[in-house]
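Please examine the sequence and the structure shown below. The briefing that follows sets out selected features, grouped by topic.

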Amino acid sequence: MAKRVLLVDDEDLVRNYVRRALASRGWDITEASDGAAALALLDRGFDAVVCDLKMPDMRGEEVVKRIRELRPAMKIVVITGSVSNLTTPIVPGVEVDGFLIKPFGIDEIRELLEKLVNS
Amino acid sequence: MPNKANILVVDDEPQIAEMISASLQLYNYAVSIAYDGEQGVKRVGEEKFDLVIMDIQMPGMDGITALGEMKKLDPEVEVIIATGHGTMGTAIQSMRKGAFDYIHKPFEIKELFKVVERALEKRKFNDITRAIFSTVKPEEQLRVIIDSVTRILKADESLLALPDREGKLQVAVSEGLEDRESRASRLALCARLMENPDGAAAKAVQLVEAPARDKKFSGIGGLDQLKFSLFLPLMDNGKLSGLININRLNEEAYFTEDDLQRARIFGSLVNLALRNSSLYRQLQETQGQLIQAEKMSALGQLAGGLAHEINNPLSGILGLTQLVMENTEKGSQNYTDLQDIEKAVFRCKKIIVSLLSFSRQEKTRIEPVNVNEALEETLTLCARQMELKRVKINRQLSPGLPMVNADFQQLMQVFLNLFTNARDAMPEGGELTVATSLLKDPAGRELLAVSVADTGAGIDPEILGRIFDPFFTTKPVGKGTGLGLSVCLGIISRHNGAITAHSVPGGGSTFTITVPV
């Protein structure tokens with residue numbers, strides 16, 4: 001069965017290429033363009049969530065925190081356009097499984113997700 | 001001596017005014033008379049007087065009012081108040097209004113002369129004070145100092161000795177010493193005196209009679225001419241840093257107690273003036289750095305926001321390019337073009353990472369840091385690159401330095417930037433010298449200094465002032481972002497430190513960082 005991933009980003013351009021990069025490797029992708037939609041979709045059952053940190057309706061940090069509360073075992077990957085300091089946690093108070101800093105390439109997201117879900 | 005001083009006598013009693021005037025003229029003073037307060041004030045407005053001797057009780061405008069008006073017209077004019085009906089009260093009132101002194105009528109003319117001489121002496125010192133405080137440019141100031149001291153102490157020759165950059169005592173300025181030999185012998189005299197600072201005496205004015213015969217100065221030639229030598233100490237942070245040497249060559253021209261007193265006052269004025277100008281220069285430097293840091297911060301905020309907005313579309317460009325590449329025949333023109341697009345995105349990414357590190361707004365993670373350790377770690381990181389470029393690394397790290405409160409990672413970033421610049425400045429290889437030391441700033445606070453020196457081409461003086469500007473680079477397009485040194489400046493400013501560059505074209509460059517301990 002194909003592994004399922006929930007892709008949360010308000011930027012069409014980013015969702016577009018990440019979806020295609022993963023779909024071509026057999027992933028089943030569900031997209032959400034904001035935090036509320038992402039949380040509403042969570043019941044559908046996913047192996048991983050890929051979530052942007054800066055979105056208009058809800059801060060990505062909040063979304064990630066709620067997902068972690070609701071699904072403690074979920075693999076969560078944060079994608080973000082700005083990381084100011086790598087010595088502090090990417091989302092304070094929440095443990096995430098990985099992160100990528102934009103701009104990131106297709107192989108980077110593929111490799112990270114494959115590593116996380118198959119481990 | 002040229003005509004002594006210009007004095008105005010203001011008294012409503014003509015006989016008294018003329019008597020005072022006649023006595024003063026006997027001593028070569030230029031004297032004018034006014035017969036009431038208004039007239040006196042008018043004269044002060046029209047002509048430059050050194051001194052006014054004024055009666056307090058006059059019809060019309062009284063002395064105290066006139067004094068106030070005169071001080072408004074010429075704050076530097078000295079006024080002696082004479083009063084026949086003097087109560088202590090009016091005398092004190094006149095002093096408050098800025099009178100130099102008061103004298104009770106009837107007075108003996110001798111008494112008046114004493115006060116006049118003192119007032120004029122103060123005037124002279126005021127002039128000198130104004131002169132030596134009028135400039136903060138070291139060369140001009142030292143010249144004014146030596147001219148003034150030669151004049152007020154009636155010296156036949158004088159010199160001012162200060163240590164140069166290497167700490168070696170040199171003649172900074174001199175007067176009446178035309179040939180090199182005599183300058184050298186006087187300098188040796190000063191050096192000898194500074195080598196043997198007799199405790200507290202070193203900080204005081206010292207008088208030496210016939211130094212050639214003084215065993216303290218044995219072995220120094222060319223001193224036979226000197227009959228009386230006076231030494232005024234120059235202090236820096238409570239320590240003896242230099243000397244003013246004043247010499248008289250005439251056997252009869254001994255220094256009087258008055259001369260010594262003048263020398264002491266002058267010495268303390270000079271020390272104040274030198275300290276003042278050194279503080280002023282520091283202030284200017286700090287202000288410059290502050291303005292630069294402000295500019296950085298404003299630009300950093302803008303850049304930070306901009307970088308964030310750019311990263312999303314940039315990520316799209318990168319991802320889509322790579323997706324298309326997967327469906328393009330390797331080696332085709334399209335494939336090569338896509339590879340170029342991909343490379344361009346990585347270049348943008350590099351610029352943005354620099355921009356972000358430059359605009360970092362959050363608190364730095366401050367902990368006690370061993371700076372030598374941060375340097376060693378950074379050097380380890382670049383050792384291989386340096387080896388490839390045939391750059392030899394000289395370590396001159398002082399052991400046992402105190403810890404500084406700093407962000408270890410950020411310090412490493414600063415060092416890495418400086419090492420990379422140094423490496424790039426020496427494409428044909430060379431030497432990178434990294435040194436640490438402990439310094440004291442003029443306020444006595446300890447500073448840790450790190451210097452990074454290369455043996456490269458040096459920095460053109462014309463661009464030296466711009467190297468910390470963001471986006472300023474001398475590297476070829478695509479090779480440098482022009483942000484490295486801006487980032488360094490930003491980080492060091494956040495550590496309350498300073499970073500400076502010294503360079504001689506062809507003689508390499510040295511970057512010096514100081515951070516408080």
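**Packing of helices 5 and 6 of chain B**

Helix 5 (residues 109-133) and helix 6 (residues 138-152) of chain B pack with their axes 9 Å apart, at an angle of about 160 degrees. Helix 5 of chain B is therefore roughly antiparallel to helix 6 of chain B. This is a predicted model, in which local features need pLDDT of at least 70 and side-chain atom pairs count only at pLDDT 80 or more, while totals for chains, interfaces and linings use all residues. Residues are numbered from 1 along each chain as its sequence is written, and chains are lettered from A and ligands numbered from 1 in the order in which they are written.

- Helices (H or I, at least four residues) and strands (E, at least two) are DSSP runs, numbered from the N terminus.
- Axes are lines fitted to C-alpha atoms, for helices over the stretch in contact, and angles run from 0 to 180 degrees between N-to-C directions.
- Angles under 35 degrees count as roughly parallel, over 145 as roughly antiparallel, 65 to 115 as roughly perpendicular and the rest as oblique.
- The crossing of helix 5 of chain B and helix 6 of chain B is right-handed; a crossing has this hand if the near helix is turned clockwise from the far one by less than a right angle, and is left-handed if anticlockwise.
- Helix 5 of chain B contributes Lys124(B), Ile128(B), Ala131(B) and Ile132(B) to the contact, and helix 6 of chain B contributes Gln141(B), Val144(B), Ile145(B), Ser148(B) and Ile152(B); two residues are in contact if their C-beta atoms, placed from the backbone, lie within 7 Å.
- This contact of helix 5 with helix 6 of chain B has 6 nonpolar, 2 polar and 1 charged residues; Ala, Val, Leu, Ile, Met, Phe, Trp, Tyr, Cys and Pro count as nonpolar, Asp, Glu, Lys and Arg as charged, and the others, Gly among them, as polar.

**Chain B as a whole**

- Chain B has 13 helices and 17 strands.
- Of the 517 residues in chain B, 33% are buried; a residue is buried if 20 or more other C-beta atoms lie within 10 Å of its own, exposed if 12 or fewer, and partly exposed in between.
- Among contacts in chain B with a separation of 6 or more, 65% join residues 24 or more positions apart.

**Nonpolar cores**

- A nonpolar core is a set of buried Ala, Val, Leu, Ile, Met, Phe, Trp, Tyr and Cys residues joined through C-beta atoms within 7 Å.
- In soluble globular proteins, nonpolar side chains tend to be buried together.
- The largest nonpolar core has 40 residues, and those touching the most other members are Val371(B), Val414(B), Leu418(B), Val452(B), Cys488(B) and Ile492(B).
- Helix 11 (residues 408-425) of chain B supplies the largest share of this core, 7 residues.
- Apart from this core lies another, of 35 residues, including Leu142(B), Val205(B), Leu243(B) and Ala273(B).

**Packing of helices 11 and 13 of chain B**

- Helix 11 of chain B packs against helix 13 (residues 484-494) of chain B at an angle of about 150 degrees, with their axes 9 Å apart.
- The crossing of helix 11 and helix 13 of chain B is left-handed.
- Residues of helix 11 of chain B in this contact include Val414(B) and Leu418(B), and those of helix 13 of chain B include Cys488(B) and Ile492(B).
- The contact of helix 11 with helix 13 of chain B comprises 7 nonpolar, 6 polar and no charged residues.
- Leaving aside residues up to four places away in sequence, Val414(B) touches Cys488(B), Ile491(B), Ile492(B) and Ile513(B).

**Contact between chains A and B**

- Chain A gives 17 residues to the contact and chain B gives 20 residues.
- On the side of chain A that touches chain B, helix 1 (residues 12-23) of chain A gives the most, with 6 residues.
- That side of chain A consists of 8 nonpolar, 6 polar and 3 charged residues.
- Gly316(B) lies in helix 8 (residues 257-326) of chain B and touches Leu13(A), Val14(A) and Tyr17(A), not counting residues up to four places away in sequence.
- Gly316(B) counts as buried because 21 other C-beta atoms lie within 10 Å.

**Backbone features in loops**

- Lys102(A) and Pro103(A) are joined by a cis peptide bond, with omega about 0 degrees; Pro103(A) is in the loop between strand 5 (98-101) and helix 4 (106-118) of chain A.
- Lys105(B) and Pro106(B) are also joined by a cis peptide bond, with omega about -5 degrees; Pro106(B) is in the loop between strand 5 (101-104) and helix 5 of chain B.
- Lys154(B), which is not a glycine, has a positive phi of about 45 degrees, and is in the loop between helix 6 and strand 6 (157-163) of chain B.
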